[in-house]
Amino acid sequence: MTTSTPVKEASPPAAPGPAPLRRPRRRRAAVALLFVLPALLLLGALVVYPVLFSMGRSLFDASGTRFVGGDNYTEMFRDPATLKAIRNTAIWVVVAPTLLTGLGLILAVLVEKVRWATAFKLLLFMPMAVSFLAAGIIFRLAYDHDPDKGVLNAAVTGVHDAFAGTSSYPGARARDGRDGALVEEADGSYRTGAGVSPGDTVALGLVGVGPDDLPSGAKAAYGAAGRDAADDEVRGVVYLDFTPGGGGEQGRVDRSESGLPEMTVEAVRDGRTVASTTTGDDGSFRFAGLADGSYTLRLPASNFAPPYEGVSWLGPALVTPAIIGAYLWIWTGFAMVLIGAGLSSLPRDALEAARMDGANEWQIFRRITVPLLAPVLTVVFITLVINVMKVFDLVYIIAPGPVQEDATVLATQMWLVSFGGGNNQGLGSALGVLLLLLVVPAMVFNVRRFKRSQR
């Protein structure tokens, strides 16, 4: 009979202590902190410290010696210039990102259908390589009011003159102090001082036209001045009452004096225009078939209207839209490239399925492409909102001095108050804090949106 001896169960090995695992973790954390430390130091020196200093400085007066609490913030919202800056910033935030996002979306969709898509994207993205300073100088010249300098006004005046025409004698005027001379009216037109009857021949002399400014086909007026009028007509000549080289007699047509062609002449009776004609190459005109009576000859103001000089792009009314136009030129390529990257990642099977179901391109764009691109469009829009809140260079460079206040935004107002003549860094710091408070929500929204898209 055998007896069995009980077998003892093996005890589990003792758990290792926490120290061996913690040492590698601490070492990795120390190495990571060592690599991150330079960036943290720069972030603290260039971002955190200036923000905290500005917050503290905004509570002191202009000299920085007397604590004023929230007085700078109260004054900020009482200052008309600051209120105008806030209004202009609101216009920027609403208009510029919306237009840029829309343009970027449209161009990104269209570029996909272009054969040379890469070259087209490169052309639109090239303005991003131009500094805001250079872009501001370019558009300051492009918006110049003088059509000989500003390319936009040169184009506008060219189109205007092609359809509406322009006066040939903007500087012409009548001589003063001569009996029977032309009399200037309140609207800029000229009329004869004495009545004219059928059978009369009239010479209407003007000055203020340079010999070089005469039309190329202008001829001497002497022959036209000597023609006799019939009993039922009025004849006359409009001429330049100036003899090159001196000499001649004022109020009389001399042999070397030129006629003024293409000048409108009207015959007026009882305050009503009864006939109208245009002078010939020698300045002559003729009204035939006039009834007996006294008439007044009138040269309408349209003969002397100053030339159309285009649009005042940098005037108080249009300076902000003009600067936004320059901003669109720079940033449209950025929006197009980012939206184009999102467009290239869209599922093509959904688009093809919609086409097979009979949807046209507009329906596909509105009901499929835009909804699928909504996250990308939101990121682009918020990024541009943050950017336009800080816009400074274009406004400061493009807007001329007299309209600088009409175009000012919060960034330029902060600089002007602090360093541009105001010398009130307490109020300028308050403006900086206000700008920070406006930018932070957009930044937080963008970061959360980015993290959500990654998850």
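The structure, a predicted model, holds 14 aromatic pairs, a pair being rings of Phe, Tyr and Trp (its six-membered ring) whose centres lie within 6.5 Å, with planes under 30 degrees apart counted as stacked, over 60 as edge-to-face and the rest as tilted. One of these is the tilted pair of Tyr49 and Phe53, at 6.0 Å centre to centre and 35 degrees between the planes. The two residues are 4 apart in helix H1 (residues 19–57), so about one helical turn separates them. Helices (H or I, at least four residues) and strands (E, at least two) are DSSP runs, numbered from the N terminus. Trp92, Tyr327, Trp331 and Phe334 form one aromatic cluster.

Residues are numbered from 1 along each chain as its sequence is written. In this predicted model, local features need pLDDT of at least 70 and side-chain atom pairs count only at pLDDT 80 or more, while totals for chains, interfaces and linings use all residues; side-chain values use heavy atoms, with hydrogens and water left out.

| Residue | Relative accessible area | Class |
|---|---|---|
| Tyr49 | 54% | exposed |
| Glu262 | 56% | exposed |
| Asp270 | 77% | exposed |

Glu262 has a positive phi, near 60 degrees, without being a glycine, and lies in the loop between strand S4 (234–240) and strand S5 (264–269). Asp270, also not a glycine, has a positive phi of about 55 degrees; its place is the loop between S5 and strand S6 (272–278).

A nonpolar core is a set of buried Ala, Val, Leu, Ile, Met, Phe, Trp, Tyr and Cys residues joined through side-chain atoms within 4.5 Å. The largest such core has 59 residues, and those with the most contacts inside it are Trp92, Ile323, Tyr327, Trp331, Leu394 and Ile398. Elements giving two or more residues to this core include helix H3 (80–111), helix H8 (319–344) and helix H15 (425–454). H8 gives the most, with 14 residues. A second, separate core of 26 residues includes Ala174, Leu206, Val234 and Tyr295.

Helix H10 (residues 361–372) packs against helix H11 (residues 374–389) at an angle of about 60 degrees, with the axes 4 Å apart. Val370, Pro371 and Leu372 in H10 meet Ala374, Pro375 and Leu377 in H11, contact meaning heavy atoms within 4.5 Å.

How values were computed:
Axes are lines fitted to C-alpha atoms, for helices over the stretch in contact, and angles run from 0 to 180 degrees between N-to-C directions. Buried means under 20% relative accessible area, exposed over 50%, partly exposed in between (1.4 Å probe, protein chains only).
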